[in-house]
Amino acid sequence: MRSNKFGIRIAASVLALAVSYGAQAVTDEDIMNDHKTPGDIVSYGMGTQGQRFSTLDDLTTKNIQYLQPVWAFSFGSEKMRGQESQPMIKDGVMYVTASYSRVYAIDARTGEEIWQYDARLPDGIMPCCDVVNRGVALYDDKVIFGTLDAKLVALDKDTGKPVWIKEVADYQAGYAITAAPIVVKGKLITGVSGGEFGIVGKVEAYDPNTGEKLWTRPTVEGHMGYVYKDGKAIENGISGGKAGVTWPGDMWKNGGAAPWLGGTYDRTTDSLFFGTGNPAPWNSHLRPGDNLFSSSRLAIDPDDGSIKWHFQTTPHDGWDYDGVNELISFDYQENGKTIHAAATADRNGFFYVLNRENGDFIRGFPFVDKITWAKGLDPETGRPIFAEGGRPGDPSATEGTKGEPVVAQPAFLGGKNWMPMAYNQETGLFYVPSNEWSMDIWNEPVSYKKGAAYLGAGFTIKPTNDDYIGVLRAIDPKTGKEVWRYENTAPLWGGVMTTAGNLVFTGTPEGYLKAFDARTGEELYKFNTGSGVVGTPVTWSMDGEQYVSVASGWGGAVPLWGGEVAKVVKDFNQGGMVWTFKLPKDRVASN
């Protein structure tokens with residue numbers, strides 16, 4: 001192996017092979033048509049809308065038992081922790097990230113390494129929820145990803161050598177990047193992490209060829225947005241119009257609302273959809289008001305970063321119910337009309353269907369078994385109807401330093417957390433990885449200090465059932481009906497993918513990649529990868545055969561923040577692999 005000062009390792013023999021047949025440049029058209037081209041995966045979400053639906057149907061409910069592993073690639077070293085990446089595939093080359101801000105290029109036919117890039121991380125990084133990375137963006141001849149010290153790095157797709165490196169934010173203030181960037185209309189779009197440290201959330205656009213900043217949009221009311229021309233910042237309006245409307249005093253200056261999960265894009269409305277995280281601090285008694293734009297979904301103009309509309313799922317959030325979960329565009333028919341909708345399953349336990357043209361509320365309903373913090377949603381606006389006594393108590397109202405605790409369900413890790421759901425265009429169902437848990441939560445006094453945790457709350461998470469925590473649910477977005485469910489002993493923390501072969505794939509912390517009948521929920525296949533699966537599976541075709549890949553490696557927020565739940569998973573082994581499976585050609589006829 002060869003290495004250099006940039007932390008790149010190149011397999012010389014495989015590099016020569018890669019250059020000879022290597023991946024072609026990725027264009028804007030490739031990205032916009034990703035959902036129609038199953039021979040490659042060049043967007044996070046298997047399409048910019050994030051549906052994670054594949055039109056491939058060689059692999060079906062009738063032959064899934066013949067799916068077989070063909071290679072497994074180790075991320076190596078002692079750097080384990082959570083592996084939450086979604087692989088990308090272009091012209092026989094796989095690009096996948098790993099914990100601690102690493103990137104690999106792999107021969108998708110053989111599993112041999114082409115190159116590896118390790119970001120040089122400083123000692124003072126402050127990721128709240130493990131050292132994960134969820135994937136890369138591909139554009140032109142570059143592989144681009146974000147790092148735990150809040151940088152964007154563009155690598156040459158053939159060699160892994162850095163083309164440019166850009167600092168997005170100050171990691172010493174608590175900023176980080178864990179999500180895969182998205183490329184839309186020739187712009188590289190990223191959010192940031194760090195809401196637990198009182199940062200100011202923002203979505204930004206960069207030139208993917210040079211790293212030049214094109215626009216920035218703060219996601220906390222009161223901060224100025226900018227567009228950049230010839231290297232100069234030009235004011236582009238204050239987010240929300242002016243400061244302090246839904247925040248007390250100067251608290252908006254450290255308001256959180258980090259869009260840490262990344263975004264989707266809808267070509268029909270020409271809109272980026274980003275979710276925003278919790279307001280800071282967690283102690284809601286310090287910040288009365290709705291606290292825009294925290295715990296919200298935003299529609300953003302990709303040309304200049306302007307906010308077109310917002311929908312706040314948890315106004316005045318007092319439970320850490322981040323609103324970052326992906327907003328997936330889909331269409332359905334109603335009374336002879338096509339409804340341009342978008343759906344999200346929120347951490348707060350409610351599933352929302354919105355009009356993606358203007359953000360209007362269409363319908364909402366619980367997708368978990370029990371919700372205690374709210375009695376329901378206003379049928380006209382979708383605004384939550386808060387339950388009396390459901391909010392953690394104000395510590396200033398007691399003689400001690402701790403407010404009255406409450407039992408809240410779901411727990412702050414959410415009815416659904418970061419792990420992406422999928423939408424099947426043929427069944428019309430969403431497949432939602434969810435969890436049933438509650439928490440004891442209380443408020444405490446806190447003040448902001450740069451780089452320090454800014455919570456003002458304490459908590460303990462508990463399972464709500466004796467025999468399961470995780471639930472994979474099939475949800476009808478038109479009726480709110482749960483069509484089927486699969487219950488899992490440990491929490492589900494990996495993403496979901498579905499196919500035209502009537503299949504749904506996801507992984508479990510117990511180590512299994514599993515496949516289900518998309519219409520009935522019958523478990524049809526499982527394979528143990530040796531470590532918990534918290535990545536997101538993908539499928540693609542190559543040389544006339546259908547492949548499935550998934551990253552394996554237990555970690556993420558659950559073992560770090562899981563309280564009593566962490567005991568359920570304490571004996572699970574860490575790991576760092578990407579597994580690839582295929583259906584042999586001679587088994588396609590088994591359909």
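Strands here are DSSP runs of E with at least two residues, numbered from the N terminus. A pocket is an open set of grid points with protein on both sides within 12 Å along at least five of seven lines, and its lining residues are those with an atom within 4 Å of a point. The model is predicted.

With those terms in hand, strand 23 gives the most to the lining of the largest pocket, namely three residues. The volume of this pocket is about 310 Å³. Its lining is made up of 21 residues, and His35, Gln49, Gln51, Asp266 and Gln425 are the closest to the centre. Two elements give two or more residues to that lining: strand 19 (263-266) and strand 23 (328-334). Sorted by class, the lining of the largest pocket holds 10 polar, six charged and five nonpolar residues.

For the largest cavity, the volume is about 350 Å³. It is lined by 29 residues, of which Cys128, Cys129, Arg134, Glu196 and Trp260 are the closest to its centre. The lining of this cavity consists of 15 nonpolar residues, seven polar ones and seven charged ones.

The second largest cavity contains about 190 Å³ of space. Among its 19 lining residues, those closest to the centre are Tyr44, Leu261, Gly263, Thr264 and Glu326. By class, 12 residues of the lining of the second largest cavity are nonpolar, five are polar and two are charged.

From the spaces, turn to strand 34, which covers residues 470-475. Why does this strand count as largely enclosed by the rest of the structure? Six of its six residues are buried, so strand 34 is largely enclosed; the cut-off for buried is under 20% relative accessible area. The side facing one way carries Gly470, Leu472 and Ala474, while Val471, Arg473 and Ile475 point the other way, and all of them are buried. The charged class includes Arg, and Arg473 is one of the buried residues of this strand.

Strand 34 has partners in strand 31 and strand 35. Strand 31 (residues 429-435) runs antiparallel to strand 34, and six bridges join the two. Strand 35 (residues 482-488) is also antiparallel to strand 34 and is joined to it by six bridges. Val471 can be followed in both pairings: it is the bridge partner of Ser434, and it stands opposite Glu487 in strand 35. Strand 34 and strand 35 form a hairpin with six residues between the strands, where Gly480 takes a positive phi near 80°.

The last stop is Thr498, which lies in strand 36 (residues 496-499). Is this residue buried or exposed? Thr498 counts as buried because its relative accessibility is 0%. Its side chain makes a polar contact of 2.8 Å with the side chain of Asn424. A polar atom of the Thr498 side chain also lies 2.8 Å from the backbone oxygen of Leu503. Leaving aside residues up to four places away in sequence, Thr498 touches Arg52, Phe53, Ser54, Ala422, Tyr423, Asn424, Tyr431, Leu503, Val504 and Ala518.

Conventions
Residues are numbered from 1 along each chain as its sequence is written. This is a predicted model: local features need pLDDT of at least 70, side-chain atom pairs count only at pLDDT 80 or more; totals for chains, interfaces and linings use all residues. Side-chain values use heavy atoms; hydrogens and water are left out. Helices (H or I, at least four residues) and strands (E, at least two) are DSSP runs, numbered from the N terminus. Buried means under 20% relative accessible area, exposed over 50%, partly exposed in between (1.4 Å probe, protein chains only). A polar contact is a pair of N or O atoms within 3.5 Å; within protein, one must be able to donate a hydrogen and the other to accept it, and residues adjacent in sequence count only if both atoms are side-chain atoms. Contact means heavy atoms within 4.5 Å. On a 1 Å grid over the protein atoms alone, a cavity is a set of points where a 1.4 Å probe fits but cannot get out, and a pocket is an open set with protein on both sides within 12 Å along at least five of seven lines; lining residues have an atom within 4 Å of a point. Grid points are joined across faces, edges and corners, and a volume is the space filled by probe spheres set on the points. Two strands pair if DSSP finds at least two bridges between them.
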